[in-house]
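Colleague: I would like to learn how to read a protein model feature by feature. Could you give me the general idea each time and then the case at hand?

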Amino acid sequence: MKQFLFMVMPLVILVMAFHPVNSYKVTGKVRDGSGNPISDVFVVVKGTKNGTTTSTDGTFSITVASLDVTLVFSSVGYKSIEVNLDGKSTIDATLSIAEKELSEVVVIGYGTQKKKDMTGSVVSVSPKQINSYPVPNNQLMGKTAGIQIRGISSVNGRKSNRMNKPTGFEGDDFNTEGYDNITENRFLKVTDNPLSTFSIDVDAASYSNVRRFINQGQLPPAGAVRIEEMVNYFKYDYPQPEGDQPFSINTEISDAPWNKDHKLVLIGLQGKKIATEKLPASNLVFLIDVSGSMQGPERIGLVKASMKMLVDQLREQDRVAMVVYAGAAGLVLSPTSGSEKTKIKDAIDRLDAGGSTAGGAGIKLAYKTAKEFYIKGGNNRVILCTDGDFNVGQSSDDAMEKLIEEERKSGVFLTVLGYGMGNYKDSKMQKLADKGNGNHAYIDGMSEAKKVLVNEFGGTLFTIAKDVKLQIEFNPAKVQGYRLIGYENRMLAKEDFNNDKKDAGELGSGHTVTALYEVIPAGVKDTFLTKVDPLKYQKNVTERLSKSSHSDEIMTVKFRYKKPDEDVSKLIEHPVMDKEVPLAKTSDNFRFAASVAEFGMLLRNSEFKANASFENVSSMARKSKGNDDEGYRFEFIRMVENADALVKGSKKDKDNGVAKIQPAEKN
């Protein structure tokens, strides 16, 4: 008998070891005080990491070890509650609003009562979609979950758009678009200024915005034409970098097409292309402007369509949260895996626009969300979709810049996508992207959305090098004067080049960056260089500088960059030999970039355009179109021809006493 027990005991122990522990499936629904279901509520077994979230209809399902455990229900904007199962397998919970004061918005329930003497419109993000963010010190954001918000959209006449126009304006022709004045880079004497220092710029918003103007039958204002962004809109056939370098460096020299006495120097960077499947996991926060100015298919409609395009590119390891803002800010989608595309798209579909614009509030909440779910070594980024027409809370350029500068210290990058027309704040969008370690694109249609968010997915959203700066030293034996074409808002002091605390531009996976210098060769008589009186205490400076031992070098290009997660820069030096080739024998890269730059100078009515013409731009672009599978270069050629027709039509109308379209003024 004992022998039998000894034989059976191990078997009993083995069976008990693998006997399944009792588990129970608990289901239920979470509602707010008015009975509306709440999505994205965290449901967690108290004292454990076992949890789930509610779906769009407020339902949840969770497996527990006992029907005597306590569930904790929590969501941003609501008071957390604890519910003991007490033997039940079905639990419904009701969450109440966590009260918080709001400034400059009127909070109402589900009725129709309005505060008197205030005009506004309902933010159509419904109560069951928006979870508000509590802000310390009674700042703007406040608690808005489970309520509708009526923004004070025109109390002071500050909000002027299709939804809310100042009194006395009718129709859609009231234009409040904002562009910064651009003072073109001038020619500088090498003896006085041997160094030229600037930050790279991979933004391309100016090109698509200019295209929008021309397609609508009008020439763009000069402030909308940033030549470096027009040049960098296009990809160039530069070789991929070798080894561990994040980019390759390419240079080329030939005649300036618009001025036979000048030379043109191209400097091109090619960022390392990383396959999408090899990109690090992404932690993305969509920050969507749902204020009144975003109403319409070309605004919120286009935002929704383009964000769905981006969602289709996401992988299981990527996650997305979504914050919206109007009179206040709210979280409408907690971080969700890229594999749950239907859930993410459903949240996007429910967006609608109306009300005033608390941009600062939305930015704070978006960065807070990104930081809470930060992925070390991953792609942590806020994607802002807006027209930039902020008018509530922190909205001035200075306030917004300081906010972004503070938030970027967290390691979260910023992508700014501009939408809309008539009230588009280009200048503000530029500043946000520049200060936020980010990039800026203007989405004027679905094809542009596809280019930015699908074709250039890695470049737009994944940074391979940050704070990229260039410093060029010109050889006075070869060059007497130079000017950088474009990059006016990216110029740096020469001391900034070695200062790792100075912010600069970012380079994305697969991105190309092209810069063009127009140079005046030594010995050429030129009227662009202005003379100053001889120096009293440094009489031999010119003679001393001209005795260069590097007679074959026209310049040296120095680069500084940091890896995305590092704070100390690396230095690369690249001497450029004076090996000029005839313009006709230059690469397609050189001639097409030159044609785009020449087009930009014509649109700006640049004082340096010399013999530039639309005919020359079109001819050179056609001959250098190269491989154009996506049709962007052909589209450029057509745009040049349309602009030429607009200018000629404008001159004809002016001669006849009719000024329908005016070319850009110099500014």
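Colleague: What share of the contacts between residues at least 6 apart in sequence join residues at least 24 apart?

Modeller: A contact here means heavy atoms within 4.5 Å, and among contacts in the chain between residues at least 6 apart in sequence, 77% join residues at least 24 apart. Please keep in mind that this is a predicted model, in which local features need pLDDT of at least 70 and side-chain atom pairs count only at pLDDT 80 or more, while totals for chains, interfaces and linings use all residues. Residues are numbered from 1 along each chain as its sequence is written, and side-chain values use heavy atoms, with hydrogens and water left out.

Colleague: How many helices and strands are there in the chain, and what percentage of its residues count as buried?

Modeller: Helices (H or I, at least four residues) and strands (E, at least two) are DSSP runs, numbered from the N terminus, and the chain has 14 helices and 26 strands. A residue is called buried under 20% relative accessible area, exposed over 50%, and partly exposed in between, with a 1.4 Å probe and protein chains only; of the 667 residues of the chain, 54% count as buried.

Colleague: How should I read a sheet, and what is the order of the strands in the open sheet of 3 strands?

Modeller: Two strands pair if DSSP finds at least two bridges between them, and in a regular strand the side chains alternate between the two faces of the sheet. The open sheet of 3 strands has the order E4-E1-E7, with mixed pairing. Strand E4 (59-64) and strand E7 (90-95) are at the edges with a single partner strand each, so one side of each is left without a neighbour in the sheet. Strand E1 (residues 24-32) and E7 run parallel and are joined by 6 bridges, and Val30 stands opposite Ala93 in E7.

Colleague: Which pairing does the open sheet of 4 strands have?

Modeller: That sheet has antiparallel pairing, in the order E3-E2-E5-E6. Its edges are strand E3 (51-53) and strand E6 (81-84), each of which has a single partner strand, so one side of each lacks a neighbour in the sheet. Strand E2 (residues 42-45) and strand E5 (residues 70-74) run antiparallel with 4 bridges between them, and there Val45 stands opposite Leu71 in E5.

Colleague: With which strands does E21 pair in the antiparallel sense?

Modeller: E21, which covers residues 463-474, has 11 of its 12 residues buried. It pairs in the antiparallel sense with strand E12 (residues 195-199) over 5 bridges, with strand E23 (residues 505-508) over 3 bridges, and with strand E25 (residues 553-562) over 7 bridges. As for facing residues, Ser199 stands opposite Lys469, the bridge partner of Ala465 in E23 is Leu507, and Glu473 stands opposite Thr556 in E25.

Colleague: What does Val285 touch, not counting residues up to four places away in sequence?

Modeller: Val285, placed in strand E15 (residues 282-289), counts as buried because its relative accessibility is 0%. Among the residues that Val285 touches are Ala321, Thr369 and Arg381, and the C-alpha atoms of Val285 and Thr369 are separated by 7.3 Å although the two are 84 residues apart along the chain.
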